[in-house]
Amino acid sequence: MTRSSMQAPTRPSMQVTDPETGAIVGEVPRQGPAEAIAALERAAQARAAMTALSAHARADILLSAADGLIAGSEAAAMLIAREGIKTITEARGEVDRAAGVLRLSAEAARTRAGVLIPFDQHPGGTDRTGWSAPIPIGVVLGITPFNDPLNLVAHKLGPAIAAGCPMILKPHEATPLSALLLVDLLRDGLPPGAIEVVTGHGVDLVPPLLADDRIRLISFTGGLATGRKIAKAAGLTRLVMELGSNCATLVMADADLDRAARSCVSGAVAAAGQNCLHVQRIIAHREIYADLRERLVAGFAAVHVAPKLDRTSDMGCMIDAVAARRVQGFTDAAIAGGARLLAGGTTDGVRVAPTLIETVPDDDPLHRDEVFGPVTILIAAEDLDDAIARANAAPFGLQGAIFTNDLAQARRAIDGLDVGAVMVNDSTDYRLDAMPFGGTKHSGLGREGIASAVATMSEPKVACFRW
């Protein structure tokens, strides 16, 4: 066979499809361990150049990417909606948030600073002065889920650039296209290797990276089972993990029930329930239980479920039929155990109807596990102490919420709920991208949010001068 007749080897690839329609949205390389290590080599080589990059240069790169994202916002939103689970309206909101995250990261790059150390606080230090300043931790491995395929990528890349760290990004295999769009915007001006993207399945790509000491931080957003595996393999590598939750919203007897119902319904169906802040449990004071239930049933019935690209649609689809069947299994098991269905309860392909259930037995998994779908249970509580105890019974603790007009009750809930954040007169489904974000118990390790993430991606280095 002559050289001219030989065919070049084809690279393995994987198609990205719309989970709602099955249409092909794009194609990406299906990479493996060799490509992962090659990406790490490039990222490690970029470490010195990233450290040397000035704060204003990093900020300018982030701001330029934010502007580019907004300039192409409709195309970005369409990509998010087509490859993932969100409605076009939700996708547009995600684009705006991601641009905001990049701008917050730019500000963090400009204002990142150290502290003076008063060495003379000890007798032996009176002839010394100095400071502690943050330095980049090194190569970061960022692993992102499918439910926020642009904004959660921005939450990894933005702080990494602000801190001066190269990053290897592993986006979810179902939704890599939104991540690649953002990476293309950010690479302009960065040193080669500053952002490396590996596409494919985590089981192929992540283990060789976890075994390499050049990875200094792992920032993972995903499920508890995967988080446990990563933590077991990570050794001395620093970890930041957001591992989901089973969020509870408390509604007390003095609450504005119309407001509470609207907020809870919205928080129950956003991203079709595939959201770590999903309102999975509503714990209502017995005095207003019936009135709140009536409002909730009406609210769930009013959710308009239509194709994702329909501007009037309130809720999208599950990421695949397997996920839909898993969520349906939660509902079926609860009803078989004696629970009462108030709304929804059906599945059609990748669509799960917005579902509300009451009288769920205390030992049912819906009280403790993360359903990750549009299923919410309604629970009666005798008083605030009972409501807090029921909320804390789940092994997760990402966020909690309470509806009340009583400041003392709000304060007791803030103090009593074992969670990372408490929302007052809002549901659990609220996050400000600038706030420290993370939880207690099985909800994860450490905190994200721009300032928190930049601090985690940095290490203090002390300089001491003796005169």
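How many bridges join strand S15 to strand S16, and in which direction do the two run? There are 4 bridges between S15 (residues 355-358) and S16 (residues 375-381), and the strands run parallel. The model is predicted. The points below cover the sheet that holds this pair, the surroundings of Cys 276, and the cavities.

- An open sheet is built from 7 strands, ordered S12-S15-S16-S11-S10-S18-S19, with mixed pairing.
- Its edges are strand S12 (340-343) and strand S19 (421-424), each of which pairs on one side only.
- From one strand to the next, the twist averages 25°.
- Within the S15-S16 pair, which is parallel, Leu 356 stands opposite Thr 376 of S16.
- Helix H11 (residues 289-302) lies across S10, S11, S12, S15 and S16, and its direction makes an angle of about 170° with S16.

**Cys 276**

- Cys 276 sits in the loop that runs between helix H10 (257-269) and strand S11 (279-285).
- Cys 276 counts as buried because its relative accessibility is 12%, and the cut-off for buried is under 20%.
- Leaving aside residues up to four places away in sequence, Cys 276 touches Asn 147, Glu 242, Gly 244, Ser 245, Cys 247, Glu 370, Phe 372, Leu 398 and Phe 437.
- One of these contacts, Glu 370, is 94 residues from Cys 276 along the chain, with 8.2 Å between the two C-alpha atoms.

**Cavities**

- The model contains 3 cavities of 30 Å³ or more.
- The largest cavity has a volume of about 80 Å³.
- Its lining consists of 16 residues, and those nearest the centre are Ala 248, Arg 281, Ala 391, Gln 399 and Val 419.
- Strand S10 (247-251), helix H13 (384-392), strand S17 (396-397) and strand S18 (399-403) each give two or more residues to the lining of the largest cavity.
- By residue class, the lining of the largest cavity has 7 nonpolar, 6 polar and 3 charged residues.
- The second largest cavity holds about 40 Å³ of space.
- Leu 217, Ser 219, Val 240, Arg 447, Glu 448, Ala 453, Thr 456 and Met 457 line the second largest cavity.
- The elements that give two or more residues to the lining of the second largest cavity are strand S8 (215-221) and helix H15 (450-456).
- The lining of the second largest cavity divides into 4 nonpolar, 2 polar and 2 charged residues.

Methods:
Residues are numbered from 1 along each chain as its sequence is written. This is a predicted model: local features need pLDDT of at least 70, side-chain atom pairs count only at pLDDT 80 or more; totals for chains, interfaces and linings use all residues. Side-chain values use heavy atoms; hydrogens and water are left out. Buried means under 20% relative accessible area, exposed over 50%, partly exposed in between (1.4 Å probe, protein chains only). Contact means heavy atoms within 4.5 Å. On a 1 Å grid over the protein atoms alone, a cavity is a set of points where a 1.4 Å probe fits but cannot get out, and a pocket is an open set with protein on both sides within 12 Å along at least five of seven lines; lining residues have an atom within 4 Å of a point. Grid points are joined across faces, edges and corners, and a volume is the space filled by probe spheres set on the points. Ala, Val, Leu, Ile, Met, Phe, Trp, Tyr, Cys and Pro count as nonpolar, Asp, Glu, Lys and Arg as charged, and the others, Gly among them, as polar. Two strands pair if DSSP finds at least two bridges between them. Axes are lines fitted to C-alpha atoms, for helices over the stretch in contact, and angles run from 0 to 180 degrees between N-to-C directions.
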